[in-house]
Amino acid sequence: MGSSTETLEFQAETRQLLRLVIHSIYSNKDIFLRELISNASDALDKLRLESLTDSGLADIDTTDLHIALEIDKDARTLTVRDNGIGMTRDELVELIGTIAKSGTAGLLEKIKESREAATAESLIGQFGVGFYSAFMVADKVTLRTRRSGTDSGTQWESDGEGTYTIETVDGLPTGTSVTLHLKPSDSEDGLADYLSESKIRQIVKRYSDFIRWPIKMAAERTGTEGEATPDVDTLNSMKALWARPRAEVTADEYNEFYQQISHDWLPPAETIHMRAEGTFEYEALLFIPSQAPFDLFSRETKPGVQLYVKRVFIMDDCEALMPQYLRFVKGVVDAHDLSLNVSREILQHDRQIRGVRRRLVKKVLGALKDMQSKDVESYTKVWDQFGRALKEGLVEDMDNSEALLELISAESTHDPEKTTTLREYVERMKDGQDAIYYLTGESRSMVENSPHMEAFAAKGYEVLILTDPIDEVWTDRVPAFDGHPLRSIAKGQVDLDESADGDQDTDAEKAQREQDFAALLTWLTSTLSSQVKEVRLSSRLTTSAACIVGDAHDVTPTLEKMYRAMGQQIPPVKRILELNPAHPLIVALRAAHDAGAEEPALAETAELIYGSALLAEGGDLPDPARFTRLLTDRLSRSV
């Protein structure tokens, strides 16, 4: 031991801050080992680099750089040792003392003001805080270190309470060792038995499996005659697939890694391997599954991308890196340098994170577009599995709405077997057609048999058939595709120019028809005023007597139900009843009205027409019992 020994006292503010680190910031005490291994890995990286750039370190042997974990059950200690760059006394004071510099009254005042766990983010990037997580599991921590190229070493020791000591120590090997004098295990406090080899192996496998340096630990082997033989195990695989060039990775290796992180027994539909270089470097290995998980639409389901920093596992299901509508994407992102909070558990939503997210989203959407263009069969299968989730992006992510619209695959009246893209629909549009027509409903058969379809079918206009609940939402948010407005055939006025037989109604004929039916329409609007806001003649019906439509910007009944189911109270929306002026029932109703508008049977007929139109579109009758009674009475009189 040298004579240069100091016993120093933590500042009052620093003691408070240290207690915050130990007791509040980390949700999982196992993370202490991840932090110490990460620091050791950094030290090995620095030695490798400096041995190449510093002539004074050129003779140092770097062929066996590694991290060693040593368990002493008798002394109840766990030591994390590396043969990396090490630290001088001054570097030790400066680096580990960073927490003392951070522990100012001003910082603590901010913590007290916010009273939230998020206050820990103010310590982002502060070296030393991760090291102090060791006090979560240890009564005392002893750190010994000697820098490469120097003769003497330094020992730092503290119980994490009031004081710490620093002294000069001779005879230390190059590198750093951190010895934890462990607290007793306590399941209620989340303290595991960190003297258990199996527990240490489990933590290393979860958090540090892809560290580039071997993590070694002594083990015992049982010989053929039952004798115990000492041995050394390497606990981590060091196989960070994403860090290797794509040309060097086989399809089997990709599939094996995907199955490892996703627990899916099927191979992925698509693999995305990318590297970003420049001011912010990272690698990403993403997978688009071939089958949706059973909980894809569960509220608890989160994006499936894991975050690593320099091959150190930080978190599962990183919501900051992938939007909710791409929650089915699996994979890893490994950042070379990323701003994290003190526990490395919560990402700071800064410009770098937003930039990574934007690039990942564009890469995934681009891969799906390539699949759509080059392998229609595979894309159709992927769309069947994840199309509903992707359409959520049209509501959540307006920045990528154009790319998402290109991916839409929908049923249509063009082909009863095959789906179509919006691009293909536009290419088939009739001369003079500007809008993309669609109709939402519960099923294809219900949509195809809807009265709203009649004029479009008669005149050969293609209509998209949208049957997912999310279709009600995104079609209301997206105004157009490639300059063509999306238009529901169940909303607004319809003017398809040509009549079903190829003739055209003149303006005079239309005006005369409106005049002939004016009295009936006025009476019906008044009679049905509690159900509809207007009754008018229809240009969309050819065989049905009536249908119900909404104004161009009205909320649809299905969307109205969805909002109410989510607890959002919106006022009821009255819709419009349209009549087919050529239908025998409507012609007879007009004649009967002209003969005597006060007859009670006419009002009942109006109710039946409205109820029939409501049922035809799959709606709910306001009073099913009354409708049934009126219909039964009318039928009994006609038999």
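How many residues of the lining of the largest cavity are nonpolar, how many polar and how many charged? Point 2 takes this up.

1. Basis of the note. This is a predicted model, in which local features need pLDDT of at least 70, side-chain atom pairs count only at pLDDT 80 or more, and totals for chains, interfaces and linings use all residues. Residues are numbered from 1 along each chain as its sequence is written, and side-chain values use heavy atoms, with hydrogens and water left out.

2. The cavity. The structure holds 1 cavity of 30 Å³ or more. A cavity here is a set of points, on a 1 Å grid over the protein atoms alone, where a 1.4 Å probe fits but cannot get out; lining residues have an atom within 4 Å of a point. The largest cavity has about 60 Å³ of space, a volume being the space filled by probe spheres set on the points, with grid points joined across faces, edges and corners. Its lining consists of Tyr 438, Thr 440, Glu 472, Thr 475, Asp 476, Ser 488, Lys 491, Thr 556 and Leu 559. By class, 2 of the lining residues are nonpolar, 4 polar and 3 charged. Two or more lining residues come from each of β17 and α14 (471–477), and α14 gives the most, with 3 residues. Helices (H or I, at least four residues) and strands (E, at least two) are DSSP runs, numbered from the N terminus.

3. Asp 471. Helix α14 also contains Asp 471. This residue is buried, with a relative accessible area of 1%; buried means under 20%, exposed over 50%, and partly exposed in between (1.4 Å probe, protein chains only). The side chain of Asp 471 reaches the backbone nitrogen of Asp 468 at 2.9 Å, and a polar contact of 2.7 Å links it to the side chain of Trp 474. A polar contact is a pair of N or O atoms within 3.5 Å; within protein, one must be able to donate a hydrogen and the other to accept it, and residues adjacent in sequence count only if both atoms are side-chain atoms.

4. The second largest pocket. A pocket is an open set of grid points with protein on both sides within 12 Å along at least five of seven lines. The second largest pocket holds about 950 Å³ of space. Its lining has 42 residues, and Pro 557, Thr 558, Arg 575, Glu 617 and Gly 619 lie nearest its centre. At least two lining residues come from each of β17 (436–440), α12 (444–448), α16 (557–565) and α18 (600–616); α16 gives the most, with 6 residues. The lining divides into 17 nonpolar, 13 polar and 12 charged residues.

5. The six-stranded sheet. An open sheet of 6 strands runs in the order β16-β15-β18-β17-β20-β19, with mixed pairing. Its edge strands are β16 (415–421) and β19 (480–481), each pairing on one side only. Two strands pair if DSSP finds at least two bridges between them. β19 and β20 (residues 484–488) are antiparallel and share 2 bridges, with Phe 481 opposite His 484.

6. The three-stranded sheet. Another open sheet has 3 strands in the order β21-β23-β22, again with mixed pairing. β21 (532–537) and β22 (546–549) are at the edges with a single partner strand each, so one side of each has no neighbour in the sheet. β22 and β23 (residues 575–579) run antiparallel and are joined by 4 bridges; Cys 547 has Glu 578 as its bridge partner.

7. β10 (residues 270–276) has 5 of its 7 residues buried. This strand runs antiparallel to β11 (residues 282–288), with 7 bridges between them, and Arg 275 is partnered with Glu 283. The two strands form a hairpin with 5 residues between them, and Gly 278 in the turn has a positive phi of about 130°.

8. Backbone points to check. Most residues other than glycine have a negative phi. Met 238 has a positive phi near 65°; it lies in the loop between β9 (228–234) and α7 (251–262) and is partly exposed at 29% relative accessible area. Arg 311, also not a glycine, has a positive phi of about 70°. Arg 311 is in the loop between β12 (304–309) and β13 (312–315) and counts as buried at 14% relative accessibility.

Technical notes:
Ala, Val, Leu, Ile, Met, Phe, Trp, Tyr, Cys and Pro count as nonpolar, Asp, Glu, Lys and Arg as charged, and the others, Gly among them, as polar.
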